[in-house]
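Q: Can you walk me through this one? Keep it brisk.

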Amino acid sequence: MDKVLLYSGGMDSFCISKLEKPDINLYINLRTKCAEQELKRIHKLGTDIKVVIDNRINLADQEMASYTVPLRNLILICIGAFYGNEIIIGSVKGEYNTDTDENFRAKTQELIQYLLIDGAKNPMAWKDKTAPFIVSAPFVNTTKTELVQRYIEAGNSVEDLLKHSVSCVAGTEIECGECASCFRKWAALTNNDIQGTFMKDPKLSAEKNMKYIADSIKPEIERALSK
Ligand SMILES: [Zn+2]
């Protein structure tokens, strides 16, 4: 059974890779605006994380103003199934997209199991028909702050975390400090007494970004703002 982490180049997937130690870290290059910066960081990794880069599709024309791509995780999991039979999604608490929730994971797991493993009449059935197909999200109830804390407690390097991950959606060399992704990353780092590097102080975008922050992670953000 091969465990495949859907690796995005972001802080969460970097920490999860170190904690979960998947067989394959898979970066699927969707050619979206952040792809260039994500790939730069991945190429510079210089750590024990080895990333497989899959360039087979281009979804740039589907990228929305909010930087999301419709059906993103469904497409990523389908491609992930070419590499292994457990797919790990790097979601943390506070993400409410339907393509990360329990219902989505169960349905996708069932469908791929049906197509690739249970498909006795199915010519595309997988080579290993006995293995179950699993879609997991082991940190879905963990906040970003707790994820960083666990990463550090496991003896991993803070310097590597800052150097080798990019979470910003702006696609700039230095993370913008204004987008919701930067804001949440800043909060998780601040709560762990780590100073990140951003073009603008994320604290200044607090008012704008607090509107997007779900109630479940408000205490995490408020803790960072009070520091
Ligand atoms: Zn940003």
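A: Of the 227 residues in the chain, 36% are buried (20 or more other C-beta atoms within 10 Å of the residue's own, with C-beta atoms placed from the backbone). The model is predicted: local features need pLDDT of at least 70, side-chain atom pairs count only at pLDDT 80 or more, and totals for chains, interfaces and linings use all residues. Residues are numbered from 1 along each chain as its sequence is written.

Q: How many helices and strands does the chain have?
A: The chain has 9 helices and 5 strands. These are DSSP runs numbered from the N terminus: helices are H or I with at least four residues, strands are E with at least two. The order along the sequence is β-α-β-α-β-α-β-α-β-α-α-α-α-α.

Q: Why call the chain as compact as a globular protein of that length?
A: Its radius of gyration is 18 Å, close to the 17 Å from the globule rule for 227 residues, so the chain is as compact as a globular protein of that length. The radius is taken over C-alpha atoms, and the rule is 2.2 Å times the number of residues to the power 0.38.

Q: What does the C-alpha trace span along its principal axes?
A: About 60 × 35 × 30 Å.

Q: Switching to H5. Which of its residues are buried?
A: In helix H5 (residues 144-153), they are Lys-144, Thr-145, Leu-147, Val-148 and Tyr-151. They lie on the same side of H5, because they cover an arc of only 165° around the axis. The arc is that of the directions from the helix axis to the C-beta atoms.

Q: What covers them?
A: The cover includes helices H1 (11-20), H6 (158-164), H7 (180-191) and H9 (218-225).

Q: And what follows H5?
A: Gly-155, with a positive phi near 90°.

Key
Buried ≥ 20, exposed ≤ 12 C-beta atoms within 10 Å, placed from the backbone. Contact = placed C-beta atoms within 7 Å.
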